[in-house]
Amino acid sequence: MMILIRIILGSALLYAFYHWVLRNEKTFRFNRIYLILALVFSYSVPFIMMDIPDFQNNHGVLMVGNPESKILNTIEKNSSFSTVDWQQLGIGIYFFISFLILVRAIGSIRKIINLKGEDVQFENSKIKLVELPIQPFGFWKTIYFNKTEYENSGIDKRIFIHEKAHIQQLHSLDLLFIELLIVCSWINPVLYFYRKAIMENHEFLADREVLEQSCDMRSYQNLILNTIDNHCNLKLTHSLYFNNIKKRLIIMKQQKSKNATIKNWMSLPFFVLLFFGLVQKTNAQQKVKKATKHELKNKANPKLIKSAPKKEKIEVSAVLIETNLNEVPVKKDSSNGDVVNATIFENNEIKPNDKNLSQPAEFPGGANSLRAKIANVFDMTKFDVQKGVLKTVVLFYIDDKGNLTNVIAEGTNEIFNTEAIRTAKFVVGSEKWKPATEEDKSVASVYKLPMTIVFE
């Protein structure tokens with residue numbers, strides 16, 4: 001969710017800069033590059049993670065322990081899981097709308113491609129004469145004209161130059177690119193402003209191409225005004241008639257500003273500032289460790305923290321296990337690579353189990369990937385200068401389909417709990433887990449991940 005917010009914020013700020021600083025300047029080629037680059041920038045930078053130097057040496061060391069997966073009993077299922085998975089429902093609705101937008105876009109392209117007509121060559125350009133009453137437009141490498149108008153009056157040289165400019169400058173690529181972004185992230189409202197701005201700038205470029213070829217400005221403006229009729233215009237195409245006629249006529253008469261170059265250069269520091277604002281920052285001095293029971297015991301100072309009621313801790317094959325159930329089936333890898341199948345009891349006795357034992361829930365990429373991502377995202381700067389040890393256990397509630405339904409933290413420090421929950425939700429997001437299994441059946445489970453901060 002945070003990445004989506006950063007994408008929308010970044011694209012909005014870059015569009016605002018274009019609208020208020022660059023739009024009225026006659027640097028159309030630069031503006032085209034800016035608009036496309038702004039979209040690429042906004043949709044890529046929020047995914048970048050950058051280490052920042054830690055000038056305070058007393059933030060401490062974050063240690064993320066080994067996880068445990070516990071099967072939920074009936075009472076826990078009823079209290080922790082809703083009958084409706086709202087997260088999955090929201091994701092389903094989102095992708096359904098994306099699918100509808102994609103179908104509409106593909107339909108628009110097919111409608112253009114399937115236009116029936118006669119192909120002719122005009123000044124080394126491909127022209128298609130169609131029966132449909134349309135405005136002349138260009139798409140990809142073809143210019144489309146109405147056949148009746150062509151037979152009656154031929155091809156107006158000015159219209160041809162205008163549409164040929166769209167073809168030669170590959171303006172269709174820009175429209176397909178923005179349409180693809182809308183399919184993937186239709187929820188970003190700024191994209192629709194970008195689409196309009198890109199199409200508007202395309203018309204400025206094509207108009208300039210016509211005027212540069214010794215065409216009288218007044219006669220060309222009259223031509224544009226005369227094209228305002230009821231002919232249909234197809235989506236994803238460029239035609240001589242664009243809805244913002246007034247703006248085009250004003251731009252044609254406007255002289256290039258003396259400050260245009262300065263304004264273009266102003267965009268560079270703006271991009272740099274936004275980069276540091278949108279990038280994911282991580283503490284370069286944060287350390288990731290597989291915390292063992294012995295290591296945590298040696299670093300802890302019981303006098304400096306108030307501990308919650310201790311759960312019994314048992315160490316099996318160097319994997320720290322916490323349990324408060326009378327019996328929890330487990331299946332863990334031992335340190336030498338063998339598989340240990342056993343049932344752990346509260347009296348620390350390990351007995352063999354002949355049943356099919358459960359398989360814990362698994363994060364995509366495994367426990368090491370989850371620990372590393374959490375350590376990278378966790379913000380150590382939120383803690384005041386202190387010494388001692390803080391502990392919490394993050395509980396991931398995973399349903400029998402592998403969906404995360406809830407995240408809580410069990411610790412005595414509220415700041416630690418809040419940051420642990422924020423980090424866990426940010427890292428996991430909508431990732432699909434491999435659900436826990438018991439006797440070869442998928443079951444709902446709680447995935448426990450102990451976390452410890454040691455201040456030195």
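Predicted model: local features only at pLDDT ≥ 70, side-chain atom pairs only at ≥ 80, totals over all residues.
Residues are numbered from 1 along each chain as its sequence is written, and side-chain values use heavy atoms, with hydrogens and water left out.

Start with helix α7 (residues 171-184), which packs on α8 at an angle of about 175°, with the axes 10 Å apart. That makes α7 and α8 roughly antiparallel (over 145 degrees). In contact here (heavy atoms within 4.5 Å) are, among others, L175, I178 and I182 of α7 and I198, M199 and L205 of α8. By class, the residues of this contact split into 10 nonpolar, 2 polar and 3 charged.

Now follow helix α8 (residues 190-212) on to helix α9 (residues 217-226): these two pack at about 140°, again with axes 10 Å apart. This pair is therefore oblique. Here D207, V210 and L211 from α8 meet M217, Y220 and I224 from α9, giving 5 nonpolar, no polar and 1 charged residues.

Finally, look at two loops. Most residues other than glycine have a negative phi. N124, though not a glycine, has a positive phi of about 65°; it lies in the loop between β4 (117-122) and β5 (125-130) and is exposed, at 81% relative accessible area (exposed means over 50%, buried under 20%, partly exposed in between, with a 1.4 Å probe and protein chains only). W140 also is a non-glycine with a positive phi, about 60°. W140 sits in the loop between β6 (137-139) and β7 (142-146) and is partly exposed, at 41%.

Methods: Axes fitted to C-alpha atoms, helices over the stretch in contact; angles between N-to-C directions. Helix = DSSP H or I, 4+ residues; strand = E, 2+ residues; numbered from the N terminus. Parallel < 35°, antiparallel > 145°, perpendicular 65-115°, else oblique. Nonpolar A, V, L, I, M, F, W, Y, C, P; charged D, E, K, R; others polar.
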